[in-house]
Amino acid sequence: GIIGAGKVVQRAYLPGFSPRGSKNSKTEFSWYDYGGCDNGRVVVLCGKNVDEAREYADKFGVPKVCENWREVVEDAGVDAVCVATPNYLHSEMSIAAANAGKDVLVEKPIAITLREADAMIEAAEKNNVLLMVNHTFRFLPAVDISLRIVRSGVLGRIVSVKSKFGTPGPDLWAPGSDWFFSRDEAGYGTLLDVGIHAVDLVRYLSGKRVSDVAGFGGTFSKNIELDDNSVCIFRFEDETLGIIEASWTSVLDISVVVSGDKGLLEINLCRDKPVRLELSSGRFEERKEAGDNNMEIAGIKGMSVEGSFYPDIPSETEYRGPFQHFIDCILDKRKMPISSGKEGRDTLEVVLAGYKSIRESKFITLPLKE
């Protein structure tokens, strides 16, 4: 059962839970295009605009539509619940679903306070159900390949990690979804909305825990009460440095740079060749056969071009997307999601530390005391 029928449901959840390879599994947004999934189907869609929800239910073959989200939680025919609503509702709905014995997939951010996130994790543990947060970029093949490169050690000691997530803003991505600009409903602005993706990618790729955060942000362009641009500087527990930038006034820019003392890994999810590796030692050794630049680094095949290595990017990862991974983890209770409630909570903590730093104009040391 899916609670919420907005743009992310229309563009990600409904295609994501459609039969693998079906027409309905296709979506116009490449970072949501996981090709559908096996062993799961949507049986009820809940939305405050029932007519719009029914339109999409008909398109995706969902048999039931409702307006009251508690009908989804209480439906005996529902095994798992997806919560894709404005941020302030995530905790209440997820806890209710967990208390009803339903496994839960909640859209990022997990919640808007650590207290709420902790209560969600506790409810899931108490009821022996799954709690997963949809940090969708962890499941992209380009990110998966990048993680393998970082873990191979070819970059040497990681010195810094930086990421930017910039968009023109939710008013263009999801017209009419005014809740993004409401402090009561969204909680915070760009750092929580798109910056949380950058924070999560930095945490995921580095595998390190953030210890200190300095945040800067403001409202530069949009006539709203929340931040439309933010920057955070991190220090990890092992002294590695990190920077993230979040923007609602940018051209689409989703990028990460991992710098080590032996090389640099660049990820840009808006390019045809999204991953580039460059080593400090200079040009890669190319094959001697004339015109053949194919090679293998750290067990990953790719091509050497003008001193850079561009790995081959597979069509999917072993997880086959967040929606298939959610179902697989439900079917195998021993499997912990790579974007568990705990992971979502730790990413949220960094974001909230960023906002605390912005308010107080000082470094914030984690763990955060809310």
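Modeller: What follows concerns one lysine and then the chain as a whole. The model is predicted, and every value below is computed from it.

The residue is Lys164, which lies in strand S7, a strand that covers residues 158–166. Its relative accessibility is 18%, and because buried means under 20%, Lys164 counts as buried. Its side chain makes a polar contact of 3.4 Å with the side chain of Ser250.

The protein chain has 12 helices and 17 strands, S7 being one of the strands. Of its 370 residues, 59% count as buried, and Lys164 is in that class. Among contacts with a separation of 6 or more, 65% are accounted for by residues 24 or more positions apart.

As to overall dimensions, the C-alpha trace spans about 65 × 50 × 40 Å along its principal axes. The radius of gyration is 21 Å, which agrees with a compact globule, because a globule of 370 residues would have a value near 21 Å. The protein chain exposes about 16,600 Å², of which carbon and sulfur atoms supply 47%. Finally, the chain carries 45 positive and 55 negative charges, whose mean positions are 3 Å apart.

Note on methods:
Residues numbered from 1 in each chain as written. Predicted model: local features only at pLDDT ≥ 70, side-chain atom pairs only at ≥ 80, totals over all residues. Heavy atoms only, no water. Helix = DSSP H or I, 4+ residues; strand = E, 2+ residues; numbered from the N terminus. Rg over C-alpha atoms; globule rule 2.2 N^0.38 Å. Buried < 20%, exposed > 50% of the residue type's maximum accessible area, 1.4 Å probe, protein only. Contact = heavy atoms within 4.5 Å. Areas by Shrake-Rupley, 256 points an atom, 1.4 Å probe, with all protein chains shown as cover. Lys, Arg positive; Asp, Glu negative; His and termini not counted. Charge placed at Lys NZ, Arg CZ, Asp CG, Glu CD. Polar contact = N/O pair within 3.5 Å; in protein donor to acceptor, adjacent residues only side chain to side chain.
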